Amino acid sequence: MRIRDISRQRLSELPNRWRLAGEWEHLLALAENGPVNGRWRVRPMTDRILAARSEIEQLTAALYSLEPVNPYGVALARRLVRDGAGPVYDPRSGRSLLDAIDESIAALDLGPTGPISVRRAHARRAA
């Protein structure tokens, strides 16, 4: 087994996925409890996080699921929650947080079409 394959497998393991889901839940809790103060190098964009509450809850549910997931989706969700230059933290990020989370959710699915809830969310926004 190659190192890259081992890394992919580790990303998909339940303890790693559950830890990542906890990071997303912690971020949502911070946003819900008012302005984020303290010694942050980069502060989370609480308004964006609260606007994406439903999508974050879908993402964490998928990460907590006992069903197997695509490691690529785990990697996207992990990068999104930790990237200080991404839409979670950077007000100048040209990327929509909702779209980025939807992409992560869709990428978690091992099937060819992605979860129905993501397709519905895109249809809702397009209308």
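Some ground rules before the structure. The model is predicted, so local features need pLDDT of at least 70 and side-chain atom pairs count only at pLDDT 80 or more, while totals for chains, interfaces and linings use all residues. Residues are numbered from 1 along each chain as its sequence is written, and side-chain values use heavy atoms, with hydrogens and water left out.

The overall layout comes next. The protein chain has seven helices and zero strands; helices are DSSP runs of H or I with at least four residues, strands are runs of E with at least two, and numbering starts at the N terminus. Of the 127 residues, 35% are buried, meaning under 20% relative accessible area with a 1.4 Å probe, protein chains only. Among contacts (heavy atoms within 4.5 Å) with a separation of 6 or more, 66% join residues 24 or more positions apart.

Now the helix pairs. Two packed helices are described by the angle between their axes and the distance between the axes. Axes here are lines fitted to C-alpha atoms over the stretch in contact, and angles run from 0 to 180 degrees between N-to-C directions.

Take H2, residues 14-32, and H4, residues 53-64: their axes come within 8 Å and cross at roughly 160°. That makes H2 roughly antiparallel to H4, a label for angles over 145 degrees. By class, their contact has 10 nonpolar, two polar and five charged residues. Nonpolar covers Ala, Val, Leu, Ile, Met, Phe, Trp, Tyr, Cys and Pro; charged covers Asp, Glu, Lys and Arg; the others, Gly among them, are polar.

The other pair is H5, residues 71-82, and H6, residues 97-108, with axes that come within 6 Å and cross at roughly 155°. H5 and H6 are therefore roughly antiparallel as well. In this contact there are 10 nonpolar, two polar and one charged residues.

Which residues touch the most other members of the largest nonpolar core? They are Trp24, Ile49, Leu59, Leu63, Val88 and Ile101, out of 24 residues. Such a core is a set of buried Ala, Val, Leu, Ile, Met, Phe, Trp, Tyr and Cys residues joined through side-chain atoms within 4.5 Å. H2, H4, H5 and H6 each give two or more residues to this core, and H2 has the largest share, six residues.

One last residue. Leu59 touches Trp24, Ala77, Ile101, Ser104, Ile105 and Leu108, leaving out residues up to four places away in sequence.

Technical notes
Parallel < 35°, antiparallel > 145°, perpendicular 65-115°, else oblique. Buried < 20%, exposed > 50% of the residue type's maximum accessible area, 1.4 Å probe, protein only.
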